[in-house]
Each structure stands twice: as structure tokens, then as C-alpha cells.
Amino acid sequence: MEKKRIGFDLLIFEDEAELSQNDQKLLRAAEEARKNAYAPYSRFKVGAAALLENGETVIGNNQENASYPSGLCAERVAVFQAGARFPDVAIVSIAISAASEEHVVDMPAAPCGNCRQSIMEYEHKQQSPISLLMKAEIGPIFKCSSMTDILPLAFDNSFLGDS
């Protein structure tokens, strides 16, 4: 038997002022997108903003539905919109902003499993990492350099024999 530890470096910022101007701008775009989320069931609003290699910013927010599986998370809305509008342009970074109408959210919410897999697919497709910025209403800001950080041992097309 062999035992290995898989880990990553998570950057934790106590204040937005510690971030680069580009990261601050991307977080603001995610916060603005969050305001327009459609979340009448969970009352948990999420906004995402994806910075593309060409300088464009594409936004998304969660869109719920009474038939719960029919909704989409903010991250996938942004990533899929980027893929539809700019199919050959790499995503450099994604900022995620989360807030609840029921209580104060004080820790960043990381992407769900479906969103991690979708973002991982784009990293694999573009053959370059996508950094993640995560922020709640208050509290620290988390940053990691790649989706592979938070989705180790990811499933990709290499398992399908078409790498």
C-alpha cells in the first residue's frame, strides 16, 4: 500500500484592498450579478463573473426552478455563456459571490460538484488553469489558482479513450 496526501495552497485575504485591481473588479461584477439571481426557493443568491483572456467579463447568477434539478448555478451560467459567446477564448479567472436572504453568510461558498466538473472541463479544453475567487457577504476572500486544486483526481475525457 502507498499513502499520498493531496493538497493545495489556498490564499486567504482579509480585505478586498489586498487583491489586485483586476480581482477587485471581477468580484464587484460577481456581486452585481448576484443581485439579479432568481432564488425564490433557497433564498441563497450566487453571482459569478468570468474574466476571459480577451479582457471580456461574462456574468452569471443562479436560476432556480420549482422543479429543482432544472435550475442552474451561477458558475455554470457564466461558464456556459462564455463558451457560447467566445468559444475559442480562454477563461482566466472566475469570481463567485454568495449571500442569503435568511442569514449573513460569512464564509465563501465554493462551487458545487456539478460546477467543479464543468469548470474542470473548460480547464482541460483550453489547457490552462482557471483561478477562483470566492467571497461571501462578509469575511475572508479565498483564492485558488486552478480548479484542479479543489477537484483533485478529476474525471476528464482521457477516461473515455479520446484524450
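Guide: Let's start with a term: a residue counts as buried when its relative accessible area is under 20%. In this predicted model, Cys-115 sits at 0% relative accessibility, so Cys-115 is buried.

Visitor: And how does Cys-112 count, at 32% relative accessibility?

Guide: Partly exposed, because its value falls between the cut-offs of 20% and 50%.

Visitor: How do I read a cysteine pair, then? How far is the sulfur of Cys-112 from the closest cysteine sulfur?

Guide: The general idea is a distance test: two cysteine sulfur atoms must lie within 2.5 Å to be called a disulfide. Here the closest sulfur to that of Cys-112 belongs to Cys-115, and at 3.7 Å it is too far for a bond. Cys-115 is likewise in no disulfide, with the sulfur of Cys-112 as its nearest cysteine sulfur.

Visitor: On to cores. What's the general idea?

Guide: In soluble globular proteins, nonpolar side chains tend to be buried together. In this model, the largest nonpolar core has 26 residues. Ile-91, Ile-94, Ile-119, Leu-132 and Met-147 have the most contacts inside that core.

Visitor: Which elements each supply at least two residues of this core?

Guide: There are strands and helices on the list: β2 (44-52), β4 (91-100), β5 (131-135) and β6 (141-144), along with α2, α3 (113-126) and α4 (147-150). Another core, of nine residues, lies apart from it, and includes Phe-13, Ala-30, Leu-133 and Ile-141.

Visitor: Let me zoom in. What does Ile-119 touch, not counting residues up to four places away in sequence?

Guide: With those sequence neighbours left out, Ile-119 touches Glu-75, Val-79, Ile-94, Ile-130, Leu-132 and Met-147.

Visitor: Now an annotation. Which residues does the UniProt "binding site" cover?

Guide: Treat it as a record to set beside the model, since such annotations may be inferred rather than shown by experiment. The unreviewed entry lists Asn-62, Gln-63, Glu-64, Asn-65, Ala-66, Ser-67 and Tyr-68. Of these, Asn-62, Gln-63, Glu-64, Asn-65 and Tyr-68 are included in the lining of the largest pocket.

Visitor: Where is Asn-62, and is it buried or exposed?

Guide: Asn-62 is in the loop between β3 (57-61) and α2 (74-85), and it counts as buried because its relative accessibility is 8%. Beyond four places in sequence, its contacts include Ala-37, Tyr-38, Phe-44, Leu-72 and Cys-73.

Visitor: And Tyr-68: buried or exposed?

Guide: Tyr-68 lies in the loop between β3 and α2, but at 57% relative accessibility it counts as exposed.

Note on methods. Residues are numbered from 1 along each chain as its sequence is written. This is a predicted model: local features need pLDDT of at least 70, side-chain atom pairs count only at pLDDT 80 or more; totals for chains, interfaces and linings use all residues. Side-chain values use heavy atoms; hydrogens and water are left out. On a 1 Å grid over the protein atoms alone, a cavity is a set of points where a 1.4 Å probe fits but cannot get out, and a pocket is an open set with protein on both sides within 12 Å along at least five of seven lines; lining residues have an atom within 4 Å of a point. Helices (H or I, at least four residues) and strands (E, at least two) are DSSP runs, numbered from the N terminus. Buried means under 20% relative accessible area, exposed over 50%, partly exposed in between (1.4 Å probe, protein chains only). Contact means heavy atoms within 4.5 Å. A nonpolar core is a set of buried Ala, Val, Leu, Ile, Met, Phe, Trp, Tyr and Cys residues joined through side-chain atoms within 4.5 Å.
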